[in-house]
Amino acid sequence: MGIFSRLAQLIQSNLNDLISRSEDPEKMLNQIVLDMNNQLVEAKKQVATSIADEKRLAKQLEQETANAQEWERRAMMALRAGNEALAKEALARKREHDEIAATLQDQWTKQKTAVDQLKKALRLLSDKIEEAKRKKNVLIARKKRAEAQKAIQETMSGLRDQSAFETFDRMEQKIDQIEAEAEAQTDIAAEYSGDALASQFKQLESTHGDEEDLVALKRKMGILPPQEEAPAQRVQARVQAPPAAANSDQEELAAALEELDAEHGADEKRKADR
């Protein structure tokens with residue numbers, strides 16, 4: 001029974017305490033389960049030996065009981081033959097086998113009880129080892145999760161370091177400088193190559209159009225007063241606006257047409273008279 005008490009103490013020990021003392025909890029847990037399985041194998045061997053002893057005692061008991069019955073049969077045979085002295089000797093031998101059988105019966109009963117207890121304890125220990133295996137898997141999963149959380153926290157701690165953000169700022173400033181230099185080189189190349197005068201007028205036209213659009217939007221929103229008419233527009237308006245002047249012009253035109261028609265008719269008449 002010593003193997004079972006050692007196994008029980010091992011299974012009931014605090015695995016978390018073992019983890020805290022181990023440099024690698026996962027390896028430690030795997031080793032513990034391996035040791036449990038090895039000791040369980042040894043326990044099974046001891047139980048098997050006890051079962052074999054119980055079966056051996058059962059056979060001896062059966063044999064001694066059969067011997068006692070055989071000497072009893074011989075005693076009865078001697079009595080039938082009228083030989084009481086021989087019958088007494090046979091009965092004496094029968095008592096010897098009965099005594100041995102009684103002793104074997106007591107030993108077998110005790111061994112049978114012990115074997116039943118060992119089988120029960122072995123099943124219990126096997127269940128506890130399976131439970132320990134499941135707990136080992138849970139603990140290993142907890143360990144890996146804790147390691148992942150620790151790695152994340154270490155990464156976050158590194159990101160909280162101001163030097164990392166300062167590096168980003170420096171890189172941004174450097175890229176801004178590179179972009180400004182590239183734009184400056186483009187401007188210089190455009191200024192000293194091609195038709196510089198045409199480029200200036202093109203830039204002036206583009207900016208002038210933007211300014212006119214801005215002024216028109218302000219006049220539409222009422223921010224600026226309405227635009228005054230240009231002198232040429234006012235002259236054209238005066239020419240087109242007065243209806244009386246337009247009517248007199250039409251009358252003069254009609255009179256001129258009538259005069260032309262009259263002259264044309266006179267010419268035709270003169271030609272006809274000739």
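Is Glu166 buried, partly exposed or exposed? Keep that question in mind as you read these points.

1. **What you are looking at.** This is a predicted model, in which local features need pLDDT of at least 70, side-chain atom pairs count only at pLDDT 80 or more, and totals for chains, interfaces and linings use all residues. Residues are numbered from 1 along each chain as its sequence is written, and side-chain values use heavy atoms, leaving out hydrogens and water.

2. **The overall fold.** The protein has 8 helices and 0 strands, giving the pattern α-α-α-α-α-α-α-α along the sequence. Helices here are DSSP runs of H or I with at least four residues, strands are runs of E with at least two, and both are numbered from the N terminus.

3. Of the 274 residues in the protein, 15% are buried. Buried means under 20% relative accessible area, exposed means over 50%, and partly exposed lies in between (1.4 Å probe, protein chains only). The protein exposes about 21,700 Å², with carbon and sulfur atoms supplying 54% of that area. Such areas come from the Shrake-Rupley method with a 1.4 Å probe; for residues, only the protein chains shown count as cover.

4. **The negative patch.** Now back to the opening question: Glu166 is partly exposed, because its relative accessible area is 46%. Glu166 sits in helix 5 (residues 162-191). Together with Asp169, Glu172, Asp176, Glu179, Glu183 and Asp187, Glu166 forms a negative surface patch. Patch residues have over 30% relative accessible area and no salt bridge; like charges are joined within 9 Å, and nonpolar side chains (Val, Leu, Ile, Met, Phe, Trp, Tyr) within 5 Å. A salt bridge puts a side-chain nitrogen of Lys or Arg within 4 Å of a carboxyl oxygen of Asp or Glu. Asp and Glu count as negative, and their charges are placed at CG of Asp or CD of Glu.

5. **The nonpolar patch.** Val215, Leu217, Met221, Ile223 and Leu224 make up a nonpolar surface patch with about 440 Å² of accessible area together. Ile223 is found in the loop between helix 6 (196-221) and helix 7 (231-240), and counts as exposed because its relative accessibility is 53%.

6. **A buried pair.** Gln111 belongs to helix 4 (residues 84-159) and is buried at 18% relative accessible area. Leaving aside residues up to four places away in sequence, Gln111 touches Ser50, Asp53, Glu54 and Leu57, where contact means heavy atoms within 4.5 Å. Ser50, in helix 3 (residues 25-80), is buried too, at 16%.
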